[in-house]
Every structure is written in structure tokens, then in C-alpha cells.
Amino acid sequence: MTIERVPQKHYPKADIGRRSMALGLDFLGVWLVSSLLGSGNIGIQFVEILVFVILWLVLRVLVPYNNQGQSLGRWAFDLKVLEVEDGQVMGRIPDLLSLMKREAIVGLGALFVSIALSNISANPTAILLILPLAIDCGTAFSDAQMRQALHDRYCGTFIVSSRRGYSLDIKIKRLVDNMRRNVRR
């Protein structure tokens, strides 16, 4: 009796630009809703923070857990989050605890960005609050093999391209190309 090695299924790595756009879309939705519920005063608004945290957890934890690893932003850009064990992509979505840890790290950085955007006019040094998210996500540039950010490495997750989604970036590129062709005529 011989044991055959079954080849691992190939999961295409997600482009960093698409990952950034998906994160940006999720952030924009949560930030707009939370900033509408704020009082408009300068400073840290606790109601805004509470709404931001709740919406972030719903959009980035509960929705992907129940939607094959896709949040709204990941669905719009054909991405999904999968679990990694010992450097191998397992092909299943992470458990709820892993998603919670992952999104707590990313959400804290996103919350700092939200606070910075709300206070940038009164305090220009608030722009420094963007650094934690930039450092966390920027590590994906240095990881040529897996393109994992710090939060992905810590929680054992991996973002892959998916066939399931809306392909928003491709549709926007087509629209822009059509507009360019029409302008040149």
C-alpha cells in the first residue's frame, strides 16, 4: 500500500490594491454611519466610537462568518478571508474567535483613522493616528510569499481572490475606459 500525496489546492493571492479598496469601502460605510450619529463637536465622541465598534464588528466579523468569508468590501472586490495552518491555506473560513481577534486589531487601527479624520481640522497632528493601521497593513508589502499583514499573521488568516463577488474594480475600469474612448472621438 502506497500513500499518495494529494496536491494542495491553489488559492490565488489577493492583490494589495484590491485589499486596500475593500478595507476602504468597509471603513467608509462604517465611518459615515458613525459620524452621522455623532454630535459634530471636536474631540473624541464616545457615541461615535461605540457605534463605530458595533458596526465594524457586525460588518467585518458577523457578515463574513455567515457569508463565506466576505464582508461588503470583500464581496465588492472579489476577495475572501481563509484560515491558514502551518503556512498552508486550509480552504475554510476562520472560526469566530479568529475573526474577532483579526478585526479587533484592524478595527482599532480603523478607529484611530476615524478619530483622526474627525479631528484633523482642529488638530493637524491627529494625522499621526493613521500610523498604527499603516504599519499593520504595510507589512503585507514586505511579505512576498503570502502577503500577510500583521493581523493576518497573528490570527492565522489569509486573503484570497474569489470567483464570488461583484468585481467593482473591473467594472469601474471598464467604465473609465469607455469614457476615455468617447472623449477621444
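In this predicted model, the protein chain carries 22 positive and 15 negative side chains, and the centres of the two sets lie 9 Å apart. Lys and Arg count as positive and Asp and Glu as negative, with His and the chain ends not counted, and each charge is placed at NZ of Lys, CZ of Arg, CG of Asp or CD of Glu.

Local features need pLDDT of at least 70 and side-chain atom pairs pLDDT 80 or more, while totals for chains, interfaces and linings use all residues. Residues are numbered from 1 along each chain as its sequence is written, and side-chain values use heavy atoms, without hydrogens and water.

Some overall values of the protein chain are as follows.

| Property | Value |
|---|---|
| Box filled by the C-alpha atoms, along the principal axes | roughly 75 × 55 × 30 Å |
| Buried part of the 185 residues (under 20% relative accessible area, 1.4 Å probe) | 38% |

The protein chain has seven helices and three strands, taken as DSSP runs (H or I, at least four residues, for helices; E, at least two, for strands), and their order along the sequence is α-α-α-β-β-α-α-α-β-α.

Helix H2 (residues 46-66) packs against helix H4 (residues 96-119) at an angle of about 145 degrees, with their axes 9 Å apart; axes are lines fitted to C-alpha atoms over the stretch in contact, and angles run from 0 to 180 degrees between N-to-C directions. Contact (heavy atoms within 4.5 Å) involves, among others, Phe-52, Trp-56 and Tyr-65 of H2 and Met-100, Val-106 and Gly-107 of H4.

Technical notes: Buried < 20%, exposed > 50% of the residue type's maximum accessible area, 1.4 Å probe, protein only.
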